[in-house]
Amino acid sequence: EPIGIVKISNETGYEHHKVRYSLRVLEEENLIEPTSQGATTTDQTSGFVEELDTKTSGISEQLDGMRLENTDESVQ
């Protein structure tokens, strides 16, 4: 931090306008704030990331539970 649009675009391969839009959305959610050097995270960011990690882990566990143990079972 801070990080700018050009650096994010270069590192991710996303076009500048897509990065700019995404940063605007994050700013509207108070997850980042703009500075003259680039975007920086806010106090709310770490809590959001922790909650997101928890949710995605839960989804991943549910998907793992849905996998068939044996591919022969899927044929029946």
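Student: Is Glu 11 buried or exposed?

Tutor: Burial is judged by relative accessible area, with buried meaning under 20%, exposed over 50% and partly exposed in between, using a 1.4 Å probe and protein chains only. Glu 11 has a relative accessible area of 57%, and is therefore exposed. Before we go on, note that residues are numbered from 1 along each chain as its sequence is written, and that side-chain values use heavy atoms, with hydrogens and water left out. This is a predicted model, in which local features need pLDDT of at least 70 and side-chain atom pairs count only at pLDDT 80 or more, whereas totals for chains, interfaces and linings use all residues.

Student: With which residue does Glu 11 form a salt bridge?

Tutor: Side chains of opposite charge can pair when their charged atoms come close. The term salt bridge is used here for a side-chain nitrogen of Lys or Arg within 4 Å of a carboxyl oxygen of Asp or Glu. Glu 11 is paired in this way with Lys 7, and their closest N and O atoms are 3.9 Å apart. Lys 7 counts as partly exposed, because its relative accessibility is 47%.

Student: Where do Lys 7 and Glu 11 lie?

Tutor: Helices (H or I, at least four residues) and strands (E, at least two) are DSSP runs, numbered from the N terminus. An α-helix has 3.6 residues a turn, so residues three or four places apart point the same way. Both Lys 7 and Glu 11 belong to helix 1, where they are four residues apart, about one turn of the helix.

Student: How many salt bridges are there by this rule?

Tutor: The count is two. Glu 51 and Lys 55 are also joined in a salt bridge, at 3.1 Å from N to O, and both of these residues are in helix 3, four residues apart, about one turn of the helix. Glu 51 is partly exposed, because its relative accessible area is 46%.

Student: Which residues form a nonpolar patch on the surface?

Tutor: Patches are made of residues with over 30% relative accessible area and no salt bridge, where like charges are joined within 9 Å and nonpolar side chains (Val, Leu, Ile, Met, Phe, Trp, Tyr) within 5 Å. Accessible areas come from the Shrake-Rupley method with a 1.4 Å probe, and for residues only the protein chains shown count as cover. The nonpolar patch here consists of Phe 48, Val 49 and Leu 52, which together have about 240 Å² of accessible area. Leu 52 is part of helix 3 (residues 45-66), and with a relative accessible area of 40% it is partly exposed.

Student: Why does Ser 9 count as buried?

Tutor: Ser 9 is buried because its relative accessible area is 7%. Its place is in helix 1 (residues 5-12), and, leaving aside neighbours within four places in sequence, Ser 9 is in contact (heavy atoms within 4.5 Å) with Tyr 14, Glu 15, His 16 and Val 19. A polar contact is a pair of N or O atoms within 3.5 Å; within protein, one must be able to donate a hydrogen and the other to accept it, and residues adjacent in sequence count only if both atoms are side-chain atoms. The side chains of Ser 9 and His 16 make such a polar contact, at 3.4 Å.

Student: What should helix 2 span?

Tutor: The expected span of a helix is 1.5 Å times one less than its number of residues. Helix 2 (residues 16-28) has 13 residues and should therefore span 18 Å, which agrees with its end C-alpha atoms being 18 Å apart.

Student: What is the phi of Asn 30, and where is this residue placed?

Tutor: Most residues other than glycine have a negative phi, and most peptide bonds are trans. Asn 30 has a positive phi of about 60 degrees although it is not a glycine, and its place is in the loop between helix 2 and strand 1 (32-35). The peptide bond from Glu 1 to Pro 2 is cis, with omega near -15 degrees, and Pro 2 lies in the segment before helix 1.

Student: What pattern does the protein follow along the sequence?

Tutor: The protein has four helices and two strands, and read along the sequence they follow the pattern α-α-β-β-α-α. Of its 76 residues, 13% count as buried.
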